[in-house]
Amino acid sequence: MALIVEIVIGIIIALVIYVMIHRMIVQRATRMVRRNAQDETDVAVKAALQRLVNDDVLTEEECHITSAVTVADVWGRGVMAFEYAMPIGMDAKRRLPQLEAAFNEALASFSADHDIKAVVAGPAFVVSDIWLYEGQLHVDVAYLMNESTVEYLKDLKKLNDPAVRDL
């Protein structure tokens, strides 16, 4: 009887160790992919901002990124969306739709110029959200490199649907 208990305890310990090692390996791989995706998105956003400066949509001072963080921690593993914050002028609130369209156009141009492919038809980078908070423009940019990110955008679209918001 004692031998059976020792065997069961040994199997349980082995399973716990296996699960812990597997989880560490998966988390490490996910962090590496996310870091790589953020690096690529950072390059795309900086190029898009430079294009917006060249097109006189934004000023050089407004294009200084003060922070860049992932939104994947909120939405789940595999979502390649990143939030960028930058200072913005006083009239930005009325210009948000124009800024979003110009940003999306610049990101699409960057995707096409550098032959960056998305998992779906269309540009690889899209602005998933844009808003003002405490004098800063916040822009969420999604890198459509996997299905999780596409599903994230579909979920956001549902949230912005008036029929869903009114529930």
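Accessible areas here come from the Shrake-Rupley method with a 1.4 Å probe.

**View 1. The surface of the predicted model.** With that definition in hand, the chain exposes about 10600 Å². Carbon and sulfur atoms supply 60% of this area. Turning from the surface to the interior, 36% of the 167 residues count as buried.

View 2. Five helices and four strands make up the secondary structure. Along the principal axes, the C-alpha atoms fill a box of roughly 80 × 40 × 35 Å.

**View 3. The largest nonpolar core.** Here you can look in on 43 residues, among which F103 and F125 have the most contacts inside the core. Two or more residues come from each of helix 1 (2-54), strand 2 (81-87), helix 3 (92-113), strand 3 (125-133), strand 4 (136-143) and helix 4 (147-160). Helix 3 gives the largest share, eight residues.

**View 4. F103 and its contacts.** Beyond its neighbours within four places in sequence, F103 touches V45, A48, L49, L52, V127, V139 and V141. For the chain as a whole, 60% of the contacts between residues at least 6 apart in sequence join residues at least 24 apart.

**View 5. The charged side chains.** The chain carries 16 positive and 24 negative side chains. The centres of these two sets lie 5 Å apart.

Definitions and conventions:
Residues are numbered from 1 along each chain as its sequence is written. This is a predicted model: local features need pLDDT of at least 70, side-chain atom pairs count only at pLDDT 80 or more; totals for chains, interfaces and linings use all residues. Side-chain values use heavy atoms; hydrogens and water are left out. Buried means under 20% relative accessible area, exposed over 50%, partly exposed in between (1.4 Å probe, protein chains only). Contact means heavy atoms within 4.5 Å. Lys and Arg count as positive and Asp and Glu as negative; His and the chain ends are not counted. The place of a charge is taken as NZ of Lys, CZ of Arg, CG of Asp or CD of Glu. A nonpolar core is a set of buried Ala, Val, Leu, Ile, Met, Phe, Trp, Tyr and Cys residues joined through side-chain atoms within 4.5 Å.
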